[in-house]
Amino acid sequence: MVDLRSDTVTRPSKGMLDAILAAHVGDDVFGEDPSVNQLEERTAKLFGKEAGVYCPSGTMTNQVAIKAHTQPGDELICDTHAHIYINEGGGIAFNSGVQVRLLPGDRGRISAAQVAENINPPFDWLPRTTLVCLENTVNRAGGSYYTLNSIKEISEVCKKNNLKLHLDGARIFNALIETGDSAEETANYFDSVSVCFSKGLGCPVGSVLVGDKEFIKKARRVRKVFGGGMRQAGFLAAAANYALDNNIKRLKDDHVRAKKIADVLKNASYVEELLPVETNIIIFTLKAPLTSQEFIAKLSEKGVKGIAFGKKMVRFVTHLDFDDYQLEETLSALKGLN
Ligand SMILES: *Cc1c(COP(=O)(O)O)cnc(C)c1O
């Protein structure tokens, strides 16, 4: 079975499992796990930040960041498609008591002008705008990515208005591989970046939140309160260290394969609209009366799994365990549904 439901369905490779078995570990709540410390330092350095904190999930790195940047009653700004708003169980309200100003961006990407227009003036009766969150690439908008220049413009608006800027970088390496921008230069515009290892990088678990020393100190405390303090987490961090060495450059292959799937979908009789495919995510809507559930069931009979994003929307994500052989199977399954 070909599984294109998500880039989280990958299993650790032989090399990654070897790295896990060979990991040096200790109690990370005491700060004594060498593999976790190595991963946090490496990730921070790669993104030009002072420090990092390893968490069990990208949801936790985002939620810890939001909590550490805000006070209850504050307002944060993000795009309508944002994972932090749609896919984190209401965590912004639940964990931080913060409300959200949703902006309709261009395929998930908000602009500096939009941010500037939506900052509340400092009246007692208005929530304090304190944080802007960007997502790169944007999951629900088909893997679109920001240009460095638009990030820079947003960061200037934030600095001018005393707002913190957080990046949900669940797929930041997909964006960087595609643009060729440097991780350090990109992260320099943000106060914090969540870097995910369980998506395109093929790890079983984990994300690292990076930022300055003071912020990460606060984030570490919040992580513990949220129940994210782990003990011999080095076995997990070892997988992420392995992924940093081996699984970044190859993301380009995922993008090439995604574009090949897009080429078939462009000409498919059952597709109403296909979002531009820029990285490893493919999102399309189906022509009525075909529903996503029916389409997914038919495709699954042909050996390929996708995921429904609403009644008529379907998503595929290419990943580490999806090779050229599986690509051919997928292309012929999709053509077979015409
Ligand atoms: C997957 C994802 C996350 C984090 O997800 P976890 O499953 O909690 O690791 C955050 N943001 C985006 C855009 C994602 O796709």
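A salt bridge is defined here as a side-chain nitrogen of Lys or Arg within 4 Å of a carboxyl oxygen of Asp or Glu. The structure is a predicted model, in which local features need pLDDT of at least 70 and side-chain atom pairs count only at pLDDT 80 or more, while totals for chains, interfaces and linings use all residues. Residues are numbered from 1 along each chain as its sequence is written, and side-chain values use heavy atoms, with hydrogens and water left out.

A search of the whole structure gives 18 salt bridges. One of them joins arginine 220 to glutamate 40, with the closest N and O atoms 2.9 Å apart. Because arginine 220 belongs to helix α10 (residues 213-225) and glutamate 40 to helix α2 (residues 34-46), this pair ties together parts that are 180 residues apart in sequence. Helices are DSSP runs (H or I, at least four residues), numbered from the N terminus. Glutamate 40 is buried, at 5% relative accessibility, whereas arginine 220 is partly exposed, at 30%; buried means under 20% relative accessible area, exposed over 50%, and partly exposed in between (1.4 Å probe, protein chains only).

Helix α12 (residues 251-266) contains lysine 259, which pairs with glutamate 178 of helix α8 (residues 172-179), so parts 81 residues apart in sequence are tied together.

Arginine 257 forms a salt bridge with aspartate 324, at 2.9 Å between the closest N and O atoms. Arginine 257 lies in helix α12 and aspartate 324 in helix α14 (residues 324-336), so the contact ties together parts 67 residues apart in sequence. Arginine 257 is buried, at 13%, and aspartate 324 is partly exposed, at 45%.

Notes:
Helices (H or I, at least four residues) and strands (E, at least two) are DSSP runs, numbered from the N terminus.
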